[in-house]
Amino acid sequence: MGASLSSLGTNGSTIGPGLGDIPESCVACVFLYLTPPEICNLARLNRAFRGAASSDAVWETKLPPNYQDLLDLMPPERYQNLSKKDIFALLSRPIPFDDGNKVGVLQEVWLDRVTGRVCMSISAKAMAITGIDDRRYWNWISTEESRFHTVAYLQQIWWFEVDGEVKFPFTADTYTLIFRLHLGRFSKRLGRRVCYYEHTHGWDIKPVKFELTTSDDQQASFECCLDETERDDGYGNHKRGNWIDYKVGEFVVSGSERTTEVRFSMKQIDCTHSKGGLCVDSVFIIPSDLKRRKKRGVLK
């Protein structure tokens, strides 16, 4: 009936076929070239589009080749009997995990909702931080500004060193590793965000060195002063009071190895001066061409 009605105009004249006449199989072929958000938007058009938007054949192409490895991080009852569309939705939410070497869940992995590519974040609590157990130097601060709800705050130290590593079956891609840092301590006061800089010092004297290495001998490094000497707008340093992403470098996963080990660090071990007033939140590992979206806060 839908086809016959679509062929009649208001005055009884014939018109061409409409969207309701397109076979579901043809719609599914088109969906293979669209992003998941586009597919979900088009699913509202009619029954054929809804059917194609639920097709396992369509959503299989949106999942990464190693999606079963991500599912294995969860109890089987969470994903058994799910359609491929529901599996994509499940994996698009952060999946907490540990790599067997640490206590507690201190890492998260998820699929980017637009591209279906693998992203990861690693908590400061999963890293080896010099002096972290001495409250004269470091404290843990609870905050909603971190996806792990806790950041490490440095009051003062001479030997600054943070190291971490992760082993994971990354899919073939080019990844960027980023440290997320904040100069100054922050809190909420009368509903407003307030920053304190009484401990913030020493980061404009010598640069911090960031490094990464991989199990297949890829290396990258970067140096910069965390506290710039130039001032902006008369209010002090523009890096202070903001979360800043520091890109350490890139590494390439070819897919030939079952797992890739990534080691990363940041150091300022010149003991001629102390430094302090720094929050260490996490490390992000994301596909390199998604970095711009990460900066805009789109990747969640």
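What covers the buried residues of helix 7?

A: This is a predicted model, in which local features need pLDDT of at least 70 and side-chain atom pairs count only at pLDDT 80 or more, while totals for chains, interfaces and linings use all residues. Residues are numbered from 1 along each chain as its sequence is written, and side-chain values use heavy atoms, with hydrogens and water left out.

The cover of the buried residues of helix 7 includes helix 3 (36-42), helix 5 (56-60), helix 6 (67-71), strand 1 (95-97) and strand 2 (107-111). Contact here means heavy atoms within 4.5 Å. Helices (H or I, at least four residues) and strands (E, at least two) are DSSP runs, numbered from the N terminus.

Helix 7 spans residues 84-91, and its buried residues are Lys 84, Ile 87, Phe 88, Leu 90 and Leu 91. Viewed down the axis of helix 7, these residues fall within an arc of 160°, so they line one face of the helix. The arc is that of the directions from the helix axis to the C-beta atoms. Buried means under 20% relative accessible area, exposed over 50%, and partly exposed in between (1.4 Å probe, protein chains only).

Phe 88 also takes part in an aromatic pair. A search of the whole structure finds 15 such pairs. The rings of Trp 59 and Phe 88 have their centres 5.3 Å apart and their planes at 50°, so this pair is tilted. Rings of Phe, Tyr and Trp (its six-membered ring) pair if their centres lie within 6.5 Å; planes under 30 degrees apart count as stacked, over 60 as edge-to-face and the rest as tilted. The pair links distant parts of the chain, with Trp 59 in helix 5 and Phe 88 in helix 7, 29 residues apart. Both Trp 59 and Phe 88 are buried.

A second pair joins Trp 138 and Phe 160; it is stacked, at 6.3 Å centre to centre with 20° between the planes. This pair, too, links distant parts of the chain: Trp 138 belongs to strand 5 (residues 138-142) and Phe 160 to strand 7, 22 residues apart. Trp 138 and Phe 160 are both buried.
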